[in-house]
Amino acid sequence: MSVCLDSWAVLAWLDGEQPAHDRIEQLLNDRPLMSWVNAVEVYYRVERDHGRSEADEVLTGLRKTFELDLPGTTLMIETARLKASTPIALGDCFAIATACARNLTLLTGDPEILDRDLPCPVEDLRGSRT
């Protein structure tokens, strides 16, 4: 595994959004890491937009494609500390803390994450902004 993905990245990949889709496709052989918290975010978004059956199928695919990390106590405390000091969504904090814990680059296009000075490297999946 070489990178960590947040829910923004995976939803963009699932939707075929470029350049995020192709960048993630390049990394699939390395089995990117994703927090279970972010996988749950993907699940509820898919269920809300497309129904439970499709959400179940997507989750099955995520489990086969990515390494899903179930946070333990230490990671949850680090996430809480990050949330206390950084006014962003809790799910985003889990993605950041997961990437930091494994010394991985976080791939995202979420402006809430990209507009911050973070303790881990971050790659912008939105492509050039003109």
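**Exercise 1. Find the aromatic pairs: how many are there, and which residues form them?**

Start with the rule: rings of Phe, Tyr and Trp (its six-membered ring) pair if their centres lie within 6.5 Å, with planes under 30 degrees apart called stacked, over 60 edge-to-face and the rest tilted. By this rule you get one aromatic pair. Its partners are Trp13 and Phe66, with 5.3 Å from centre to centre and 70° between the planes, so the label is edge-to-face.

Quick note on the source: this is a predicted model, where local features need pLDDT of at least 70, side-chain atom pairs count only at pLDDT 80 or more, and totals for chains, interfaces and linings use all residues. Residues are numbered from 1 along each chain as its sequence is written, and side-chain values use heavy atoms, leaving out hydrogens and water.

Trp13 sits in helix α1 (residues 7–15) and Phe66 in the loop between α4 (52–65) and β3 (67–69), so the pair ties together parts 53 residues apart in sequence. Helices (H or I, at least four residues) and strands (E, at least two) are DSSP runs, numbered from the N terminus.

**Exercise 2. Sort Trp13, Phe66 and Asp15: buried or exposed?**

Buried means under 20% relative accessible area, exposed over 50%, and partly exposed in between (1.4 Å probe, protein chains only). Trp13, at 13%, is buried. Phe66 is at 0%, so buried too. Asp15, also in helix α1, comes out exposed at 55%.

**Exercise 3. Which strand holds Thr108?**

Thr108 belongs to β4 (residues 105–108). With 0% relative accessibility, Thr108 is buried.
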